[in-house]
Amino acid sequence: MPDAIKAIPVRHYGRWVSAVVVLALLGLLVNAFASANVHYSAIPDYLFDSTVISGLGKTVLISVLSMVLGLALGIVLAVMRLSKNPVTSSVSWLYIWFFRGTPVYVQLLLWFNLALIFPYINLGPIYRDEMSDFMTPFMAALLGLGLNEAAYMSEIVRAGIQSVDEGQTEAAHALGMSQGRTLRRIVLPQAMRVIVPPTGNEFINMLKTSSLAASAAQYLELLRSTSDIGQTTGATVEMLFLAATWYLILTSVFSVGQFYLERHYARGSLRTLPLTPFQKIKKNLASFSRQSGGVSA
């Protein structure tokens, strides 16, 4: 009778070496910041300062409104780009080409200084005013961020629409549905599972990009508010750390929302939905308890 085969587990020395190197580098980084001339106690002192909270609210407000504008206009541009009409398709392509090809910071500066070349805004009987009164820091930030975002959202929406099988559209037309109704009822709902993940990433990126409006359009958002406190108190670096802390909190909160939104639209396309963070914790605890019970037995 042959001897039983003794299985020897493979030793991954590279994993241990890489883990030690990473931990050593992390320790050096933590030690560098711990010994730096930074008054970390100033960060919690101003964490809920009224000026900081006001800037935080304006950051969320401009990010949400810019994203709504970018999404709405992006859907229109995507439909125009896919249109068989050469005029609308060309106009959409030119829009995307311009706004994707120029930095958003330059666009914000152009909107904020538009009064230098257009002293008045004249929309006929609808609206007429001086450009300096109309183009406030908020309006310049909204137009600069929202119109730039529309160029990127149009490509995301276009990719989502094209991911839906053409047979779906043909079947809807065979049932007598119009082009617009087919788009609203058939194509876009199925395209959402492709559109939602990059849209969530774009919104998280918008939260951080909104900080450009502080210097380009003089908009009093989070970074500008913390910078003003840093200049008056002398805690410049500490207030930058404070701004970074709030940005991390915002992106973490909205990342959780993005996860559940993606999970919602994944229904019907996945056999098993991804586990939520609470379900993962529950599963890990149950697995750990079973292993502990087996060891004690």
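Me: What makes the contact between the side chains of Arg100 and Glu155 a salt bridge?

Reply: A salt bridge is a side-chain nitrogen of Lys or Arg within 4 Å of a carboxyl oxygen of Asp or Glu. Arg100 and Glu155 have an N to O distance of 3.6 Å, so the pair meets that limit of 4 Å. The two belong to distant parts of the chain, Arg100 in helix H4 and Glu155 in helix H7, 55 residues apart. Helices here are DSSP runs (H or I, at least four residues), numbered from the N terminus.

Before we go on: this is a predicted model, where local features need pLDDT of at least 70 and side-chain atom pairs count only at pLDDT 80 or more, while totals for chains, interfaces and linings use all residues. Residues are numbered from 1 along each chain as its sequence is written, and side-chain values use heavy atoms, with hydrogens and water left out.

Me: Which other salt bridges does Glu155 form, with Arg81 and with Arg158, and how close are the atoms?

Reply: For Arg81 and Glu155 the closest N and O atoms are 3.1 Å apart. That pair also links distant parts of the chain, with Arg81 in helix H3 (residues 50-82) and Glu155 in helix H7 (residues 137-163), 74 residues apart. For Arg158 and Glu155 the closest N and O atoms are 2.9 Å apart. Arg158 and Glu155 are 3 residues apart in helix H7, so about one helical turn separates them. Through shared partners, the salt bridges join Arg81, Arg100, Glu155 and Arg158 into one network. The search of the whole structure finds 4 salt bridges.

Me: Why is Glu155 called buried?

Reply: Buried means under 20% relative accessible area, exposed over 50%, and partly exposed in between (1.4 Å probe, protein chains only). Glu155 is at 18%, so it counts as buried. Arg81, at 23%, is partly exposed, and Arg100, at 43%, is partly exposed too.

Me: Let's turn to the aromatic rings. Why is the pair of Trp93 and Trp97 stacked?

Reply: The search of the whole structure finds 10 aromatic pairs. In this one the ring centres are 6.2 Å apart and the planes are at 5 degrees, so the pair is stacked. The rule is that rings of Phe, Tyr and Trp (its six-membered ring) pair if their centres lie within 6.5 Å; planes under 30 degrees apart count as stacked, over 60 as edge-to-face and the rest as tilted. Trp93 and Trp97 are 4 residues apart in helix H4 (residues 86-101), so about one helical turn lies between them. Trp93 is partly exposed at 43%, whereas Trp97 is exposed at 56%.

Me: And what makes the pair of Tyr127 and Phe134 tilted?

Reply: Their ring centres are 5.7 Å apart and their planes are at 55 degrees, so the pair is tilted. Tyr127 is partly exposed at 31%, and Phe134 is partly exposed at 23%.

Me: How do you know that the charged end of Arg128 sits over the ring of Tyr120?

Reply: The charged end of Arg128 is 5.0 Å from the centre of that ring. The label asks for NZ of Lys or CZ of Arg within 6 Å of the ring centre and within 35 degrees of the ring normal.

Me: Which cluster does Phe33 join?

Reply: Ring pairs link Phe33, Tyr40 and Phe241 into a cluster. Phe33 lies in helix H1 (residues 13-34) and is partly exposed at 41%.
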